[in-house]
Amino acid sequence: MPTLNETVDLLGRCLGTVLREQEGETFYQLEERIRLETKRLREANADTAPMQRELAAVSVADAEKLVRAFATYFLLINLAEEHSRVQRVLEPSTAQRREGFEQALAALKEEGLDAAAAKALLSSLTLGLTFTTHPTEMRRRTVRQHLEQISKVLFEHPEASDHITAHVEALWATPWLRHRQPTVRDEVNGGLAYLDVIAAVLPQLERDLEARFAKVFGTKAELKLPLSLHSWMGGDRDGNPSVTPRATEETFALHAERATQALRRQTDEAFARFSQSPDGEGEPFRVLLREVQKALAAGETAATTAGIERVTTALRAQRQPRTADVLARPLSVQARIFGTHLASLDVREHSALTGQAVAELLTRAGVNGYEKLTEAKKVEVLRRELATRRPLLAVGEQAPEVVEKVVGPLRAGREARARSGHDAFGAYIISMSEQPSDLLETLVLAREAGVDIVPVPLFETLDDLQRAPDIMRTVLELPEYRAVLRDQIQEVMIGYSDSNKDGGFLAANWALHEAQRQLTEVFAAAKVRHRFFHGRGTSIGRGGGPMARALLGQPAGTVGTGVRITEQGEALQDKYSHPTLAYRNLEQALYGLILAAGRQAKPLDPRWLEGMGRAAAVSSRDYRALVQAPGFLPFFEAVTPIREISKLRIASRPVRRPGPSQLSTLRAIPWVMSWTQCRAIIPGWYGLDVGLDALGVELSRELYAQWPFFQSVLDNAQMALAKSDMALFRAYRSLAPDDAMGAQIEQRFHATVAKVREVVEGELLSKEPRLAKSILLRNPYIDPIHRLQVVLLRQARALPADAELPAHLENALLLSLHGIAAGMRNTG
């Protein structure tokens, strides 16, 4: 098989051929001159001003084609790297796979767990992967399909350059960008497309878990994958007016339709296979499967699931173990994990809107002035209300709009459960949970909708994370709340995005650590099972980085019944577009879960706790001094493409929450995405240097060597620092009228790199040479897109503020955002 470099070279030649043929020799020579010159300038660390002037003279039409050419190159490089990763995974090896099931189970054995204890642990855990949308995953499905075809040829006929060139030609001639803003339905369809790939690999993943268990513990065990799938697409209402109750209702229906189709297909395939007649009379397994088909056709979810379980039990009872293990497993896994609901759809709503809806309902019931009450009085009113069974709306009464917008999705969830089972409607998440009343209000609304839910608070800012243990302690002491919770699991969602935007990289990481550690103590004291839901992005500033590393970086003893983690649209293509990669990513994620759950909680050294508390406080003050300084917001809007991102048709969600145009209302994804586009990436490192200074070199080295949490923090910071580029950032700084802040950021970048290198005692990413090499290979080719983006931003901002962007300019800007996202791989 060809090497990565050979594959990259092949794809580059195919693209070059298409550019020469489709755009002419003059354009091809322009593209090649810019490519080679920017590469030379980077290698020589030479003055880039002449190149910037040349790019400024390029026509907008040629700029659009240049950006598209380099962006296409990165899509092809990404395919080559994907191809290389698949080859590495498929290479036969007798060695224990790194971050695989065997390594995880062996670690449990070393912790002292025997087979029975290990099986019990696995059966108590769940890794809940939650799909969400992301604005940089804005490619049309048609473009993704062309890339899949190129990937297929690479795997099956890597020598067939004519076939590859034909697909590259089709890709080049295909419009990349949507002519309209994507709808919620577009985003739902785009995300759900990856579930088929995941479904195809789960049966083998489960079989391999059993095989590794038998190898490590010397005994066979029937195991079920500790995995559940969830989605926010079509249910995430926070700040997105497009996600109406109707859109949520339609998403539930779409989930049910697709799940039923998949289950029917698996049942039909099993029917064709299970022709055995063990006693020579009839075909008993087909008889059972006919009952499953009838139940499925009648929409009887419970009967369908029970019928499939009976088939597997009957196969084993009739001495057909291999049929049960191999041929029946796809059906049983499909039924267990996807059921007739496909993925559990969560609903997320902002606490301000749930509060307004409850206030309106109470007013109609004769309780006036709720919104003006103190928190203590609100809790008193809500407890009194929850102690009754009365509806606040009379039967048949039309709900006012402020109520219907909030209660409508809850009602849709109730109906989805009635149709597709309890798992159809997942969690109800309250954004910006700040008080106990935020959870109690949700219970009032759920009662009004006639649905049983346990509210999931989302603690996002530093202050909210710090107050989270007290909030949950108060709530869990209320008998009205415990009456609803019963013996169910209490989920708590913690936000990586707003906490970082609020307090900076180091302080946010520490606040998340301490919130989990202290909340775990609260749940233990209340004798309540818990699960943390990690709202991570793909970028380091939003909790990104390898999932296994993130799980192992959690405080020991806090995993509880497992974890839930968001998987954003930007990561879905990277992780789940190919079966081999989907298998490997799921295996690594489960490895991290099993190891994190199996670790014994040990008291942390008081020096570590005190030192990190001091470092986080110093770092947060330093970060806030930057982002709260007069003139920061205009500087940010000048040196990043945030204003242009807000105007472009990238996603269904606005870039800001309702309210004035200020940093607090800006959503975290565009915040991080903007800093990544200009290559400063301050959400991934700013303030870390002063935090490390506060710790001191010796203590920092001790923490890095002995504490998985601190190691994860510094390893993630290294990734952000390695992807930052001050030479490119200087080009964006030319867009700002005053560069004092830019100079400060650059000085602090170099200080942070030096400090991190001192602590880790080596170069950045020395432990991740493959990633370091990838960044070095990509940089020369991403440079032209950055420099063209600066030119395009300057042209766009020269237009009147209320002017429409010309089509070529808008397309070129959109393609530059997309090209940089493809080159950087994790932008938000």
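How many helices and how many strands are there in the protein chain? The count comes to 37 helices and eight strands. Keep in mind that this is a predicted model.

**The barrel**
- Eight strands make a closed barrel, in the order S1-S2-S3-S4-S5-S6-S7-S8, and the pairing is parallel.
- Going from one strand to the next, the twist averages 25°.

**A look at S2, S3 and S4**
- Strand S2 covers residues 227-231 and strand S3 covers residues 344-350, and the two pair in the parallel sense over two bridges.
- His 230 has Ser 344 in S3 as its bridge partner.
- Helix H18, residues 401-420, lies across S3 and strand S4 (425-431). Relative to S4, helix H18 runs at about 160°.

**Overall size and packing**
- The C-alpha trace of the protein chain spans about 80 × 70 × 60 Å along its principal axes.
- For 828 residues, a compact globule would have a radius of gyration near 28 Å, so the 27 Å of the protein chain agrees with that.
- Of the 828 residues in the protein chain, 60% are buried.
- Take the contacts between residues at least 6 apart in sequence: 82% of them join residues at least 24 apart.

**The surface**

Definitions and conventions:
Residues numbered from 1 in each chain as written. Predicted model: local features only at pLDDT ≥ 70, side-chain atom pairs only at ≥ 80, totals over all residues. Heavy atoms only, no water. Pairing = 2+ DSSP bridges. Helix = DSSP H or I, 4+ residues; strand = E, 2+ residues; numbered from the N terminus. Axes fitted to C-alpha atoms, helices over the stretch in contact; angles between N-to-C directions. Contact = heavy atoms within 4.5 Å. Rg over C-alpha atoms; globule rule 2.2 N^0.38 Å. Buried < 20%, exposed > 50% of the residue type's maximum accessible area, 1.4 Å probe, protein only.
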